[in-house]
Amino acid sequence: MMTTIFVAAPKPRTWPLTVEQFAVRLGERWPQAEIFAHHAPVSGEDYLDFQLDLEGMTRTVSYYDHSNLILGDGDPEFWADTIVWFLGLLPADADAVAMVEVNPEHTIPIPPRADAETIHALLEGLAEAE
């Protein structure tokens, strides 16, 4: 099931990870990624869009300064390892919640130090929740 996955700092919290720091770490993980820096004038937020070819498809991802990771063009199984990697960039006690586009009414906390299997199961559960 293709969907967009949102991983966020629960409001009113934020993460210490800036878009500049994320761009550096992203380049280390995926040197082939095309990274585009943006500023959203309405919300006043800085964010990065990036795209890369993985497993035969162009994948798109956005990261909003200190707050949201948005993973498109994939499914929970595909993005679970990336979410583990991303959360590893944050302090160990950083809170995170997840939501999937196919079921935006439900969010779920991601346990600290969750592995890819746990994250995959949480996201699948979100996609199937009523």
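**The helix pair**

Select H1 and helix H2 (residues 76–88), whose axes come within 12 Å and cross at roughly 135 degrees. Axes are lines fitted to C-alpha atoms, for helices over the stretch in contact, with angles from 0 to 180 degrees between N-to-C directions; helices (H or I, at least four residues) and strands (E, at least two) are DSSP runs numbered from the N terminus. H1 is therefore oblique to H2, the class left when angles under 35 degrees are roughly parallel, over 145 roughly antiparallel and 65 to 115 roughly perpendicular.

Next, display the side chains of Phe22, Arg25, Leu26 and Arg29 in H1 with Asp81, Thr82, Trp85 and Phe86 in H2, which make the contact (heavy atoms within 4.5 Å).

This is a predicted model: local features need pLDDT of at least 70, side-chain atom pairs count only at pLDDT 80 or more, and totals for chains, interfaces and linings use all residues. Residues are numbered from 1 along each chain as its sequence is written, and side-chain values use heavy atoms, leaving out hydrogens and water.

**The sheet**

Now select the seven strands of the open sheet, ordered S2-S3-S4-S5-S1-S6-S7 with antiparallel pairing (two strands pair if DSSP finds at least two bridges between them). At the edges, strand S2 (34–40) and strand S7 (108–109) each pair on one side only. Seven bridges join S2 to the antiparallel strand S3 (residues 45–54); select His38 to find its bridge partner in S3, Tyr47.

**Helices across the sheet**

Return to H1 (residues 19–29), which lies across S2, S3, strand S4 (57–64) and strand S5 (68–74), at about 15 degrees to S3. Finally, select helix H3 (residues 116–128), lying across strand S1 (3–8), strand S6 (97–100) and S7, at about 45 degrees to S6.
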